[in-house]
There are 4 protein chains.
Amino acid sequence: MASKSIGIGLIGQKFMGRAHSNAWSQAAKFFDLPVGARLAVVSARDRKELGAFAQRFGWAKSTPKWESLADDPDVDLVDIGTPNHLHAEQALRMLEAGKHVACEKPLARTLAEARVLRDAAAAAGRKVKTFVWHNYRRAPAIGLAWNLMREGRLGKIFHVRARYLQSWGSKSTPMSWRYSAATAGSGAHGDLNAHLVDLTRFLMGEAIVDIHGAVAPTFVTSRAVPGTKRRERCDVDDAALFLATFEGGAVASFEATRLAEGHLNDNTVEINGERGSLRWSLEDMNVLEWCDAEAPPRLRGWTKILATSAGNHPYAAAWWPDGHIIGYEHGFTNMAADILRVLGGKKPELPLPDFADAYETCRVLEAALLSAKHRCAVAMNDVP
Amino acid sequence: MASKSIGIGLIGQKFMGRAHSNAWSQAAKFFDLPVGARLAVVSARDRKELGAFAQRFGWAKSTPKWESLADDPDVDLVDIGTPNHLHAEQALRMLEAGKHVACEKPLARTLAEARVLRDAAAAAGRKVKTFVWHNYRRAPAIGLAWNLMREGRLGKIFHVRARYLQSWGSKSTPMSWRYSAATAGSGAHGDLNAHLVDLTRFLMGEAIVDIHGAVAPTFVTSRAVPGTKRRERCDVDDAALFLATFEGGAVASFEATRLAEGHLNDNTVEINGERGSLRWSLEDMNVLEWCDAEAPPRLRGWTKILATSAGNHPYAAAWWPDGHIIGYEHGFTNMAADILRVLGGKKPELPLPDFADAYETCRVLEAALLSAKHRCAVAMNDVP
Amino acid sequence: MASKSIGIGLIGQKFMGRAHSNAWSQAAKFFDLPVGARLAVVSARDRKELGAFAQRFGWAKSTPKWESLADDPDVDLVDIGTPNHLHAEQALRMLEAGKHVACEKPLARTLAEARVLRDAAAAAGRKVKTFVWHNYRRAPAIGLAWNLMREGRLGKIFHVRARYLQSWGSKSTPMSWRYSAATAGSGAHGDLNAHLVDLTRFLMGEAIVDIHGAVAPTFVTSRAVPGTKRRERCDVDDAALFLATFEGGAVASFEATRLAEGHLNDNTVEINGERGSLRWSLEDMNVLEWCDAEAPPRLRGWTKILATSAGNHPYAAAWWPDGHIIGYEHGFTNMAADILRVLGGKKPELPLPDFADAYETCRVLEAALLSAKHRCAVAMNDVP
Amino acid sequence: MASKSIGIGLIGQKFMGRAHSNAWSQAAKFFDLPVGARLAVVSARDRKELGAFAQRFGWAKSTPKWESLADDPDVDLVDIGTPNHLHAEQALRMLEAGKHVACEKPLARTLAEARVLRDAAAAAGRKVKTFVWHNYRRAPAIGLAWNLMREGRLGKIFHVRARYLQSWGSKSTPMSWRYSAATAGSGAHGDLNAHLVDLTRFLMGEAIVDIHGAVAPTFVTSRAVPGTKRRERCDVDDAALFLATFEGGAVASFEATRLAEGHLNDNTVEINGERGSLRWSLEDMNVLEWCDAEAPPRLRGWTKILATSAGNHPYAAAWWPDGHIIGYEHGFTNMAADILRVLGGKKPELPLPDFADAYETCRVLEAALLSAKHRCAVAMNDVP
């Protein structure tokens with residue numbers, strides 16, 4: 001066990017608050033780390049719930065004032081698990097205070113906000129580290145994919161196919177911060193395409209250089225406000241699709257939606273190269289499918305690899321024997337472990353996205369939205 | 001057995017020649033039809049092979065002159081299974097001669113050609129029937145999907161997701177008519193997206209009204225000419241992707257490629273609606289996946305239906321007991337049966353595409369290519 | 001095309017009559033064969049249907065008297081597609097007449113009957129060939145599996161797991177010849193385990209030497225007789241399971257049933273060896289799943305091979321381009337082609353089962369039934 | 001959070017020690033429980049590792065003497081995660097001391113041992129609770145299956161098909177306690193069939209009444225002893241298969257093996273009933289496949305249900321939003337929560353196995369081994 005430890009200050013106690021709390025408390029149980037994590041303080045607006053939450057997950061202190069984390073000497077890293085519109089203000093404040101910051105994705109509502117954060121991180125100097133919780137990078141199956149791509153096992157890449165399909169956005173779903181541009185920035189686009197853009201940029205190790213078109217419909221234009229008889233306007237996309245080109249020439253398609261019945265949390269990425277293809281799907285996240293295009297033709301096909309093998313698949317050694325799968329939350333724990341490695345002066349198992357990196361993801365998202373808004377669609381009317 | 005019969009004149013003896021010959025000879029063995037098919041005459045350029053081909057498949061006559069079919073009194077319907085650049089000339093000649101015409105897809109190389117054919121078919125009058133071999137409409141699983149959509153079982157449609165992925169187009173594949181615009185019109189686009197556009201238009205029963213962007217790269221720009229030391233330029237797309245909107249507001253993505261290792265013949269279509277979703281894949285063509293969004297939540301998910309049940313799935317009664325699958329060629333046989341029904345004055349099991357319908361498919365393909373060519377892509381350089 | 005041809009006399013016009021008729025007429029269209037098949041005469045009891053059947057499938061003559069085939073000089077091979085209780089009498093008569101015989105499976109109702117047939121085939125001499133329609137041996141994916149096993153790619157075999165699950169045998173299914181021992185011999189056992197025993201013996205290339213226990217329940221003990229108000233007793237098994245050992249030490253489990261909802265025609269065979277495993281399933285019959293135990297651990301898993309590649313997968317060259325699947329009936333066509341090769345003095349693509357071979361399969365089935373009947377089950381009551 | 005808490009004393013720090021430690025520390029973070037768990041003391045033989053282990057997982061004390069837990073007033077429940085040969089001695093000692101006991105499976109090496117434990121548990125009185133870690137009962141998908149069966153949704157059951165296939169037992173795997181009867185009792189049988197028998201008895205809610213045959217081969221008869229040049233004899237089964245009948249007439253097949261390449265941890269259970277079928281597989285443990293035999297035939301098939309929905313699937317509410325999967329270890333956490341509910345006077349979400357229940361599972365395992373040993377196999381030699 002590490003003797004030194006990093007004091008964590010968490011903001012947020014909802015879905016992400018739970019996932020992050022769990023990650024910080026699990027990391028040192030399963031990984032050998034140069035430094036541990038101390039659950040120093042948790043902050044959240046809802047005072048009524050906060051005490052119980054802090055006790056449940058073992059946070060030493062709790063406070064409704066997130067600003068206080070900036071001055072708290074127990075806090076080395078501030079972990080931001082709040083809605084998107086709070087990221088910028090909170091992260092800026094903490095960077096100014098010299099704290100490391102780990103922020104939920106998307107980094108910001110808009111590219112302008114993301115740029116401010118990127119610049120603030122740069123200004124804070126090399127001693128201050130930033131991280132963005134693109135947790136799916138940490139699935140062992142994705143780690144295997146990343147390794148294969150680094151080794152050139154796919155050869156020249158022709159196609160990237162990425163989609164994140166969910167189905168919780170029907171017209172009966174009530175209004176929430178996620179349906180308002182003021183709080184969320186965008187809808188499925190910033191929420192789900194953010195994951196896809198990060199994941200494909202990470203795997204490809206290349207920039208996206210062109211957007212070839214986009215469409216971002218809002219299917220449900222108003223929703224009931226819980227506890228009232230009012231409906232509010234939804235001004236974000238329910239779905240967002242765009243086509244793009246990577247630097248090396250690969251064409252890519254992205255699709256995010258909350259209205260695809262049959263898909264609960266279907267983040268699926270496929271890459272086709274000259275020497276092989278690979279495919280990964282979050283709903284079956286322990287599996288990497290791999291097609292070796294250099295296998296003898298009679299034996300060629302998709303191989304379903306259960307990426308649970310210690311020594312063979314990244315992060316797997318920390319968990320259970322081969323064939324014993326891990327779940328959603330382990331991506332956060334694996335990432336917490338890598339953050340602690342970095343803060344302890346070691347290398348992470350796989351590269352971590354910082355604010356500069358997440359800014360690039362936001363830049364692609366913004367360009368796609370621009371393409372959808374100022375679109376030059378060909379109307380079929382124009383084609384006789 | 002039918003006492004009357006339709007005299008078939010086939011042009012082509014390659015892949016499609018074999019598939020069509022088989023379809024015409026199998027149809028009356030498995031279906032009860034108002035009229036039979038007489039294999040009257042087959043025409044093809046390669047005289048050396050033609051005799052054996054005709055004998056093998058039971059064609060009564062053979063000729064290297066396709067034009068002669070126009071005047072042959074034994075021929076009621078001319079079936080065109082030649083490369084794309086021959087469709088227009090051959091079909092026009094036969095329509096003028098008053099023959100029914102069944103033409104391979106895509107109907108034509110260009111929209112201009114397709115328009116001529118559409119107009120010629122209209123001019124030929126109602127007694128002359130035209131058909132286009134969009135054979136995948138005839139898979140029983142697609143028939144079930146079509147029925148479900150007609151019944152409104154999917155409700156309002158949000159998403160159409162169509163892709164046709166193959167992998168035979170690597171740089172080692174030699175030059176052929178398929179890689180030249182002069183003979184093929186386009187590459188993967190006309191070959192594969194033609195299927196997808198037809199299939200989704202058929203299932204949706206709606207027009208495509210907008211194209212939101214497209215990209216159609218040529219990854220391999222020259223290929224070796226077989227039997228020579230020359231290479232020739234490839235001036236068609238290796239892949240073509242585009243985004244579109246259907247009349248009712250559903251957004252759609254289309255992708256065709258010949259460079260997706262792991263996919264041999266993967267024509268996959270998925271539709272997501274308010275009340276349910278469905279999915280079909282050619283490599284496992286007997287299966288329809290169906291998600292009933294109105295099932296109790298605890299039992300909701302994708303149901304894998306093996307569409308082989310007589311009385312329950314279109315065309316299935318003609319074949320084998322439940323659970324005994326059919327293959328690729330059966331789509332043609334089912335379509336030949338439907339053509340013979342129409343020519344015998346009966347209704348087909350499912351609607352058949354004629355030249356006017358195939359023209360609409362060509363119109364979408366052309367608009368997508370236009371979008372790819374005169375594109376207003378957002379370059380990432382423009383996004384600071 | 002072959003100039004010589006084999007005159008076929010078929011007995012039966014139901015399910016198997018259709019499948020065999022199709023196979024004989026398709027074989028020479030798709031394969032290059034040393035001899036062709038002439039559809040000389042078809043025989044069946046139901047005169048009313050027989051004429052139309054003969055015309056539909058192109059049989060030159062038809063007769064309600066199957067015995068007449070024995071003396072018909074147009075007939076070289078008699079193809080028996082009748083219920084099980086007729087196999088022995090019909091096959092014996094034709095062997096005595098010096099005809100080649102291709103008999104449906106199971107070869108006979110009982111081992112005693114099978115023995116008589118085996119001996120009669122031996123007595124008929126080497127010029128008279130016998131065949132049994134274990135058609136699943138002819139799936140290209142099974143052919144690939146057979147090749148892999150012959151090459152030792154699985155190494156020492158530990159496990160054979162075979163099951164044939166159907167679901168048409170509920171209590172509402174009416175009485176038929178399949179539910180009576182007098183006509184069928186046994187139930188799911190002879191119908192379905194016959195396929196499994198043949199297939200696993202074929203793949204393993206080894207004898208089964210021990211039966212370790214069996215159970216063969218009759219869940220539905222009487223059924224309504226169609227067109228009457230009577231019910232008749234069902235005296236055959238609805239399901240039959242047994243455990244066995246192959247000569248080389250592999251342990252095997254067999255299960256056949258007509259009462260497994262969710263399974264329509266699920267003939268699944270898996271083999272696990274020291275160097276690899278393979279798995280095949282009839283409902284997805286174009287696929288072979290293969291696990292190479294010598295692949296690097298990080299890439300190890302099941303590879304899904306679509307066995308449709310000409311030159312790489314047996315029989316595939318006769319059909320369509322890669323990725324275009326074949327169906328149930330093609331097993332019969334592939335087998336008809338192999339029979340015609342053998343009768344034309346050539347080697348079949350894969351070994352064909354003759355009466356002696358099918359007798360060995362019957363011997364295993366009989367031993368399993370014996371084990372089920374004279375069982376020495378351990379009752380839980382005996383275990384305190 | 002619960003104010004009262006149960007003091008846990010754990011024996012074992014290997015695979016199960018880690019899984020149980022995690023479960024006790026996670027339970028109260030994710031579930032609302034009437035009592036919490038205090039990680040009071042951990043005991044294990046290897047002193048060198050013990051301190052670090054205790055610190056890592058937050059155990060208050062540690063001791064190499066497991067016996068001391070019996071007298072430790074901080075300990076309310078002793079959790080036994082040791083090799084099989086230690087279960088009996090340790091559990092007996094703790095029951096005598098009046099501690100609750102949660103013991104790893106299989107409960108004991110032999111039926112005789114299991115009987116002693118069952119009787120000791122009974123003698124300890126109703127205030128002392130016993131539990132056996134048949135953790136797979138706690139997968140939400142299994143909970144859904146259990147609910148469906150309780151509601152009669154499958155109707156009369158015909159078939160139970162259970163297999164647990166692993167592949168870590170090749171000849172290169174070194175000797176360990178798992179390969180010796182003295183320490184393990186049996187091999188794959190007690191290790192893996194124990195899970196299957198428990199799981200199927202749990203789902204069926206019925207006793208197994210007959211064993212119809214069994215085979216339990218040892219394929220690898222000696223193994224290298226690590227750190228030496230010696231080999232030791234393996235006197236347990238590498239695989240164990242048996243056939244059985246449940247009280248209500250369903251026939252069942254069981255198979256356990258460590259020599260099935262391609263399967264890492266494949267615990268698969270399928271049940272076929274008159275009204276429907278269900279299937280579950282540990283490697284994809286969040287999924288329940290369900291076939292509703294009363295669905296309209298055209299829509300009938302296997303539905304793949306991702307059992308992650310709060311309110312709809314047992315235990316799911318404790319974890320993440322729908323579509324965010326859980327992993328292997330969560331079965332233990334869910335079970336720890338249910339144990340704490342029981343000790344806090346509440347009902348568990350699903351029934352928990354106690355020593356009396358686990359004894360019944362051992363009884364089936366023993367009967368199967370008896371059947372394999374005193375087998376009355378039919379040798380094929382006896383069948384002429």
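**Contacts, core, domains and symmetry**

Reply: Leaving aside neighbours within four places in sequence, A27(A) is in contact with L33(A), A37(A), T333(A), A336(A), A337(A) and L340(A); contact requires C-beta atoms, placed from the backbone, within 7 Å. This is a predicted model, in which local features need pLDDT of at least 70 and side-chain atom pairs count only at pLDDT 80 or more, while totals for chains, interfaces and linings use all residues. Residues are numbered from 1 along each chain as its sequence is written, and chains are lettered from A and ligands numbered from 1 in the order in which they are written.

Me: Which residues have the most contacts inside the largest nonpolar core?

Reply: In soluble globular proteins, nonpolar side chains tend to be buried together. Here the largest nonpolar core has 536 residues, and those with the most contacts inside it are A27(A), A27(B), A145(B), A27(C), A27(D) and A145(D). Such a core joins buried Ala, Val, Leu, Ile, Met, Phe, Trp, Tyr and Cys residues through C-beta atoms within 7 Å; buried means 20 or more other C-beta atoms within 10 Å of the residue's own.

Me: How is chain A divided into domains?

Reply: Domain 1 covers 5-135 and domain 2 covers 140-284 + 286-318, with bounds from an automatic or database domain assignment. Their centres, taken over C-alpha atoms, are separated by 25 Å. Ten residues of domain 1 of chain A are in contact with ten of domain 2 of chain A.

Me: What rotation superposes chain D on chain C?

Reply: Two copies of a chain are related by a rotation about an axis and a shift along it. For chain D on chain C, the rotation is 180° with 0.0 Å of shift along the axis (RMSD 0.0 Å), by least squares on the C-alpha atoms of residues with pLDDT of at least 70 in both. That is the relation of a two-fold axis.

Terms used
A residue is buried if 20 or more other C-beta atoms lie within 10 Å of its own, exposed if 12 or fewer, and partly exposed in between; C-beta atoms are placed from the backbone. Two residues are in contact if their C-beta atoms, placed from the backbone, lie within 7 Å.
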